[in-house]
Amino acid sequence: MFSSTWNFLKRHKRKFIFAGAFVGGVYFLGKYAQKKIREIQEREASEYIAQARRQFHFESNQRTCNMTVLSMLPTLREAILHHLNSESLTTLLKSKPANKLDIWEDLKIISFTRSVVAVYSTCMLVVLLRVQLNIIGGYLYLDNSVSKSGMMPLAPPDVQQQYLSSIQHLLGDGLSEMITEVKKAVQNTLGGVSLKQSLSLQELEQHLNQIRAQVEEGDGGSTHRPLSWYMMPDEENTLAAQACGLTENDITTIKLLNETRDMLESPDFGTVLNTCLNRGFNRFLDNMAEFFRPPPGAQGDSTPITTPDSLSHVSLPVAKIIPIVNGQIHSICSEIPSHFVQVRAHLPLGRISIFESQQKML
């Protein structure tokens, strides 16, 4: 029996060798495939967790930005009211002075200037803070990721404070320069408009567009400054201007400021800011539209008084528009969450690479 079995094995030795090699190869190949599948699954799980952490960090950053904007709006509002004090002019008008017409003209320019400046400055505040917090947030995320390795943080608290304090330029010198530029544009556009002249909402919008065009594109009479100039000081005014005595934190701050300046000068940032400005001025006009509604029953019961066509037939004298425009700053720069603030805070970030790039950097 054993001899016959042995003879059978000898006759089919080659077949058994090939069969054994095949079975062994399939076994080891299966083990290798299982190992690779496990590695891929673990890598995908790690990537998913990392992406979820980045997304949470990014969204948390945006919430922080919105809360920071709301907390800074009262300071911005007071700065604008300090530079463009219309209340003193209205007090003078109550005393019936001899130069009443001149005071009304000054009030017209100041009222429009401070509302236009309020829209510009709040939009700039929103987008600048988003850029700053996204940049510093990227460094903080990396710091948290490498903290276990004992490495020095890339953005220590002193650097964060020094970097974020650069927002004061927008609330100080930048705001003053912006007021000068906007006031000149308002004077050029509305200076010749009589107080008795009536304007429709569409005509008011046309005047605002003319003011915006002069501020954003220049009037050809002087060197035009981009809007980013009002948000950050010139490079020679930064810490880099100091010839010596720079600490390591100062150098890191300069790096952050340079990254911010490069971003503010990018086309993508211009798209973001322009989107925010369009929404801000549209909301301003929506607020003004509330005062351009025709009287009840003026166009018949069958015509809705809220249609754009009905609004186009309503005109108000400039003298009546002035106090309405003058009071808009309290809505524009309100620290209470409002629709006006929300339309500027909720930008379409998903389609704008300037913020996506910050998220991907993490």
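Helices (H or I, at least four residues) and strands (E, at least two) are taken here as DSSP runs, numbered from the N terminus. The structure is a predicted model, in which local features need pLDDT of at least 70 and side-chain atom pairs count only at pLDDT 80 or more, while totals for chains, interfaces and linings use all residues. Residues are numbered from 1 along each chain as its sequence is written, and side-chain values use heavy atoms, with hydrogens and water left out.

A look at the whole chain comes first. Its secondary structure amounts to 15 helices and two strands. Of the 362 residues in the chain, 40% are buried, where buried means under 20% relative accessible area, exposed means over 50%, and partly exposed lies in between (1.4 Å probe, protein chains only). The chain has an accessible surface of about 20,300 Å², and carbon and sulfur atoms hold 57% of that surface; these areas come from the Shrake-Rupley method with a 1.4 Å probe, and for residues only the protein chains shown count as cover. Among contacts (heavy atoms within 4.5 Å) with a separation of 6 or more, 83% join residues 24 or more positions apart.

Charged pairs come next. Side chains of opposite charge can pair when their charged atoms come close. Seven salt bridges are found in the structure, each being a side-chain nitrogen of Lys or Arg within 4 Å of a carboxyl oxygen of Asp or Glu. One of them joins the side chains of Glu87 and Arg114, at 3.2 Å from N to O. Because Glu87 belongs to helix H3 (residues 87–94) and Arg114 to helix H4 (residues 100–146), this pair ties together parts that are 27 residues apart in sequence. Arg114 is buried, at a relative accessible area of 0%, whereas Glu87 is partly exposed at 36%.

Another salt bridge links Lys108 and Glu105, at 2.8 Å from N to O. Both residues sit in helix H4, three residues apart, so about one helical turn separates them. Here Lys108 is buried, with a relative accessible area of 1%, and Glu105 is partly exposed, with 24%.

Asp286 is partly exposed at 41% relative accessible area, and Arg283 is partly exposed at 23%. H10 itself has 23 residues and reaches 33 Å from first C-alpha to last, close to the expected 33 Å, a span given by 1.5 Å times one less than the number of residues. Buried residues in H10 include Phe269, Val272, Phe281 and Phe284.

Helix H7 (residues 173–190) has 18 residues that should span 26 Å, and its end C-alpha atoms, 25 Å apart, agree with this. Its buried residues are Gly174, Leu175, Met178, Ile179, Val182, Ala185, Val186, Thr189 and Leu190. They lie on the same side of H7, because they cover an arc of only 140 degrees around the axis, the arc being that of the directions from the helix axis to the C-beta atoms. Exposed Asp173 and Thr180 are carried on the face of H7 turned away from this buried side.

Finally, His207 is found in helix H8 (residues 201–217) and is buried, with a relative accessible area of 15%. Beyond its neighbours within four places in sequence, His207 is in contact with Thr189, Leu190, Val193 and Leu199.
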